[in-house]
Amino acid sequence: MSTSSRKPWVVGVSGASGTPYAASVIRALLEAGESVDLVVSRAARLTILDETGISFRDAHWAADLADWLEVAAEALADVRYWPAGDFAAGPSSGSYPAKGMLVVPATTGAAAGIALGLSKDLLQRVASVTLKERRPLVLCLRETPLTGATLRHLVELDAQGAVVLPASPGFYAGGSTARELVDFVAGRVLDAVGVPHGLYRRWSGELGEAASTPRRHPESDPRRGE
């Protein structure tokens, strides 16, 4: 039997506002040399279209993903895409080799479905598999305010071993642009699973560092697409 050394992180994108968080996480995973399996929910397609103007299509996912991430197609060589309705997809089984799953952004509905084990689509199914296999699961929740029911679901997710990570940017890193604040949150998601990155300046214990950090202007950001 042939074997493969490929062991990806599964990135699930749900329909919450905040698709730039997902894009930053995926870019940073690829820059770190990680393999990525991608699941985009049906609701997330509408959010991507609304927030970026990009239509994310199953038949043209690679081209659409390259446009969304603002990267060359060659950068996606180690990305595999699974349609949200494909319950026969590799990551739907615990025997599929995966490092863990990052749900970015996560809706309260997705959080509830994962907490209750509903598996109504592939995203929720893969998250349930991740929990039962005791692999790392991070949910980057993008919603405010939160109801009591959602808070109870989040407590249940924590009890099951998931990391609940609200999309809450920190200003001590000196971020002054939307992109820098997005990257901070994406960096914290990757911190939760031990993936190295350079998305934000880390706290060193010196007061006033944020104010003295040179601000990166969008036109000089080497990560911006042409």
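The legends below describe close-up views of a predicted model.

Residues are numbered from 1 along each chain as its sequence is written. Because the model is predicted, local features need pLDDT of at least 70 and side-chain atom pairs count only at pLDDT 80 or more, while totals for chains, interfaces and linings use all residues; side-chain values use heavy atoms, with hydrogens and water left out.

**View 1**
Six strands make an open sheet with parallel pairing, in the order β3-β2-β1-β4-β5-β6. Strands β3 (79-83) and β6 (163-164) are at the edges with a single partner strand each, so one side of each has no neighbour in the sheet. Strands here are DSSP runs of E with at least two residues, helices are runs of H or I with at least four, and both are numbered from the N terminus. Two strands count as paired if DSSP finds at least two bridges between them. Strands of a sheet pair through backbone hydrogen bonds, either parallel or antiparallel.

**View 2**
Strand β2 (residues 36-40) pairs with β3 in the parallel sense over five bridges. Within this pairing, valine 36 has valine 79 as its bridge partner in β3, and aspartate 37 has arginine 80. Five bridges also join β2 to strand β1 (residues 9-13), and these two strands run parallel. There, the bridge partner of valine 13 is valine 40 in β2. The chain passes from β1 through α1 to β2 in a right-handed β-α-β crossover. Right-handed means that, with the strands pointing away from the viewer, the path from the first strand over the helix to the second runs clockwise. Five of the five residues of β2 are buried. Val36, Leu38 and Val40 are on one side of β2, with Asp37 and Val39 on the other. Buried stands for under 20% relative accessible area, exposed for over 50%, and partly exposed for values in between (1.4 Å probe, protein chains only).

**View 1. Helix α1.**
Helix α1 covers residues 19-31, and its end C-alpha atoms are 19 Å apart, which agrees with the 18 Å that 13 residues should span at 1.5 Å a residue. The expected span is 1.5 Å times one less than the number of residues. Eleven of the 13 residues are buried, so α1 is largely enclosed by the rest of the structure. Among the buried residues are Tyr21, Val25, Ile26, Arg27 and Leu29. Just after α1, glycine 33 has a positive phi of about 80°.

**View 2. Salt bridges.**
The whole structure holds nine salt bridges, each defined as a side-chain nitrogen of Lys or Arg within 4 Å of a carboxyl oxygen of Asp or Glu. Aspartate 37 and arginine 6 form one of them, at 2.8 Å from N to O. Aspartate 37 is in strand β2 and arginine 6 in the segment before β1, so this pair ties together parts that are 31 residues apart in sequence. Aspartate 37 is buried at 0% relative accessible area, whereas arginine 6 is partly exposed at 22%. In another pair, the closest N and O atoms of aspartate 64 and arginine 57 are 2.8 Å apart. Aspartate 64 is buried, at 3%, and arginine 57 is partly exposed, at 38%.

Arginine 188 and aspartate 191 are three residues apart in helix α7, about one turn of the helix. Their side chains meet in a salt bridge of 3.1 Å, N to O. Arginine 188 is partly exposed at 36% relative accessibility, and aspartate 191 is partly exposed at 22%. Elsewhere, salt bridges with shared partners join Arg6, Asp37 and Asp78 into one network.

The peptide bond from valine 104 to proline 105 is cis, with omega near -15°; proline 105 is in strand β4 (residues 100-106). Threonine 144 and proline 145 are also joined by a cis peptide bond, with omega about -10°. Proline 145 is in the loop between β5 (137-141) and α6 (148-159). Serine 119, a residue other than glycine, has a positive phi near 55° and lies in the loop between α4 (108-116) and α5 (122-132). Arginine 134 has a positive phi near 60°. This arginine 134 is in the loop between α5 and β5 and is exposed, with a relative accessible area of 70%.
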